[in-house]
Amino acid sequence: MQKRKEEDSELEATKKLKTEHQEHQDIEAEQPEEHEAEQPEGQEAEQQEKDGVMKLKLGGLGRHAYKKDVLKILETHQVKYTKIKIAPKWTYAVISFENNNDYSIAKGKLDGVEFKGKKLFTKENVVQQREAPAPKEFVDDGRSPEERIADQVTPLWKVPYEEQLQMKKEDFKKTLTNYAKSLAKFFPKKNYKAQPPPVDDSISPLERIKSMTTEQRALEQLDWLNGARKEFDGLPCKILDTIASPETEGYRTKCEFTFGRDMDGNKTCGFLLGLYKNGITTVLNPNSCLNVSKKAKDIANILEKYVQQSEHDVYDRVSKSGVYRLALVRTLASGQCLVMVQLKTNELDSETIAKEKKSIKDTLLKEFSEHSISLDSLLIQEYNDDFNGIKEEAPMEVLHGTKFVTEELLGFKFQISPTSFFQVNPTATELLYDKIRELGLQAAEKAKANSPNAGAVLLDLCCGTGTIGITMAKHFKKVIGVELVAEAIEDAKRNAAANGVTNITYICSKVEDAMHDVFKNHVSRDDVVVAVLDPPRAGVYYSVIKSIRDIPTLKHVVFVACDLKQSTQNLIDLARPTSNKFKGHPFIPVQAIPLDLFPHTNHCEIIVELVRQEPKKAEIKDTEVSQVDEVSNDQPNEPTV
Ligand SMILES: C[S@@+](CC[C@H](N)C(=O)[O-])C[C@H]1O[C@@H](n2cnc3c(N)ncnc32)[C@H](O)[C@@H]1O
């Protein structure tokens, strides 16, 4: 009964929070992005089938399945397929097949397969023709094209930089205040009378928490919140001034340019003047965008000149015709430069394609040399589907140089592939990593005060290609990097080896699946562990946070958010009172440090430092450590708190 009541009230609180979180996401979705928006969830499934490609929807996966899970199912049932598509929050995957026969066999094999206690089902992937948005007419508001594109890409360009930093801090204050309000919703109603039971030394702190009602737990574990909100004017913790980017102009080392037509109908290469979903297809060159480097502007201009003289047209998103689509340009702090041009080639014969590639290569090599720009990697991606973006899975052909380029950060060298994630503002990223290291070491030193011989271990959760862990490894006894994407882990291993860093262990896994193994097999009992969690823009699944809370010996989390509004739910789940789902003691935010990685735009990075709440009875008993075994199995029927 007690458990049921608790679940109900937790569900209620979660519902309230979800709605708010959703609102944040909706508001965010309406804001203009720096560049074109990412492909929205569900869009892929709605794309027109091309060239008779057969697709099947595999449903019933639940909201927390990964591509890896689907791969495993297909492998187990020996299903022949060509492509799998799954996105965060999809409860289904879209599987493509080479022919009708493979499609029908797969359908027969997959219908009714058991996955996480549920039966999967298949459905024909009915694709709806998405209407092309109505082209938008631009109202003459007195702005020049240069001003328009600057307003779109760098909306704060007219605001003095000091003021931008202040604005960003104020914006974070609002988000953090909402976060504090969301947490406050866990408090019982005002007329709730029963206070938490007194500390009883004869039982462990966790037993004591288990014995409480949901309301008592909230009263005790969120007691800090009222004090913090009073002290910090509604905020859950102190917020420091925004740390400025050392470079405020031309700082971007990666730009995704679009080929298109400007307001006068001329072929150009630059940024879209708004979102395509809003009917905007006009492209303007980036010459007036403060965040784009001189080198990247030169490259956009070279590409513009090239397409203007080319017999082939730029791609038109509405009619889906034309050849020149996108250009990914990396102009790195190391001096190296990569250009990847995306072409639609299915209406060209192979001779014409070969001729066009040669022409691109010859022209760019000549132009780059005249502009004294080194061209270390020139790639072509032939991509004929409708998705308007760089398609990671589509092959890329090296026309000149190497597929990888090298970037430098804090004296370390990183080999990066065209599409791998790498922060785009190197000097500000160095400050960010310095700050993360400082917080990590401070936390470790504090924890070591009680056990001076303990070693400090850094957990680099969601480590990507390993930059955070590699740049910090020399300050820690050991670093453990956990990342889901196998290619990123391969890059991370190569990067660690190339930099002579030997005290890192990489685990290719979901964080939530790896935590138990990490603490059982890679960390000794005396180690002091600090976790850095650098999740994707929208944050991580709740199961990642659950797994972090499940480890009682993990006391410090440094959370790095590139979009705090979107990842607030993670902070809520870290700090909410103990429950059936979130078992360990909560993590309390102690400070928030904004760091401006994106001057002149509305975006800003923020670090939130969190510390595990000390239970009323401070001592940790052995029984608590052994809880790791009990709770880390992701069982559908969770044991009670
Ligand atoms: C913002 S990137 C962080 C990259 C890295 N920290 C860096 O600075 O280069 C987020 C990473 O989280 C990974 N990721 C997302 N969910 C994950 C999960 N549940 N377990 C492990 N990795 C995850 C993504 O694959 C992505 O590489």
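Tutor: Begin with burial. A residue is buried if 20 or more other C-beta atoms lie within 10 Å of its own, exposed if 12 or fewer, and partly exposed in between, with C-beta atoms placed from the backbone. This is a predicted model, in which local features need pLDDT of at least 70, side-chain atom pairs count only at pLDDT 80 or more, and totals for chains, interfaces and linings use all residues. Residues are numbered from 1 along each chain as its sequence is written.

Student: Is C562 buried, exposed or partly exposed?

Tutor: C562 counts as partly exposed because it has 18 C-beta neighbours inside 10 Å.

Student: What does the UniProt record say about C562?

Tutor: UniProt positions are given in the numbering used here, feature names are shortened, and annotations may be inferred rather than shown by experiment. In this case an unreviewed UniProt entry carries the annotation "active site" for C562.

Student: Which residues are in contact with C562, leaving aside its neighbours within four places in sequence?

Tutor: Two residues are in contact if their C-beta atoms, placed from the backbone, lie within 7 Å. With those sequence neighbours left aside, C562 is in contact with R537 and E605.

Student: Which residues does UniProt list for "binding site"?

Tutor: The unreviewed entry lists Q423, E483 and D534. Q423 is in the loop between β16 (412–416) and α12 (426–448). It is buried, because 21 other C-beta atoms lie within 10 Å. Not counting residues up to four places away in sequence, Q423 touches T429 and L597.

Student: Where is E483, and what does it touch?

Tutor: E483 is in strand β18. With 25 C-beta neighbours inside 10 Å, E483 counts as buried. Beyond residues up to four places away in sequence, its contacts include C462, G464 and C508.

Student: How many residues surround the ligand?

Tutor: A residue is near a molecule if its C-beta atom, placed from the backbone, lies within 6 Å of it. Here 20 residues surround the ligand, and the closest are C462, G464, L484, V511 and D534. Two or more residues of this shell come from each of α13 (467–472), β18 (478–483) and α15 (511–522).

Student: How does the shell divide by class?

Tutor: Ala, Val, Leu, Ile, Met, Phe, Trp, Tyr, Cys and Pro count as nonpolar, Asp, Glu, Lys and Arg as charged, and the others, Gly among them, as polar. The shell around the ligand has 13 nonpolar, 3 polar and 4 charged residues.

Student: In what order do the strands of the 8-stranded sheet stand?

Tutor: Two strands pair if DSSP finds at least two bridges between them. The 8 strands form an open sheet in the order β7-β22-β23-β21-β20-β17-β18-β19, with mixed pairing. The edge strands, β7 (238–239) and β19 (504–508), each pair on one side only.

Student: What joins β17 to its partner strands?

Tutor: Strand β17 (residues 456–461) runs parallel to β20 (residues 528–533), joined by 6 bridges. It also runs parallel to β18, joined by 5 bridges. V457 has V529 as its bridge partner in β20, and V457 stands opposite K478 in β18.

Student: Why is β18 described as largely enclosed?

Tutor: Since 5 of the 6 residues of β18 are buried, the strand is largely enclosed by the rest of the structure.

Student: Which helix lies across β18 and β19?

Tutor: Axes are lines fitted to C-alpha atoms, for helices over the stretch in contact, and angles run from 0 to 180 degrees between N-to-C directions. Helix α14 (residues 486–498) lies across these two strands, running at about 170° to β19.

Student: What about the sheet of 4 strands?

Tutor: Its 4 strands form an open sheet in the order β2-β3-β1-β6, and the pairing is antiparallel. β2 (83–85) and β6 (121–124) stand at the edges with a single partner strand each, so one side of each has no neighbour in the sheet.

Student: How many helices and strands does the chain have?

Tutor: The chain has 19 helices and 23 strands. Buried residues make up 43% of its 641 residues.
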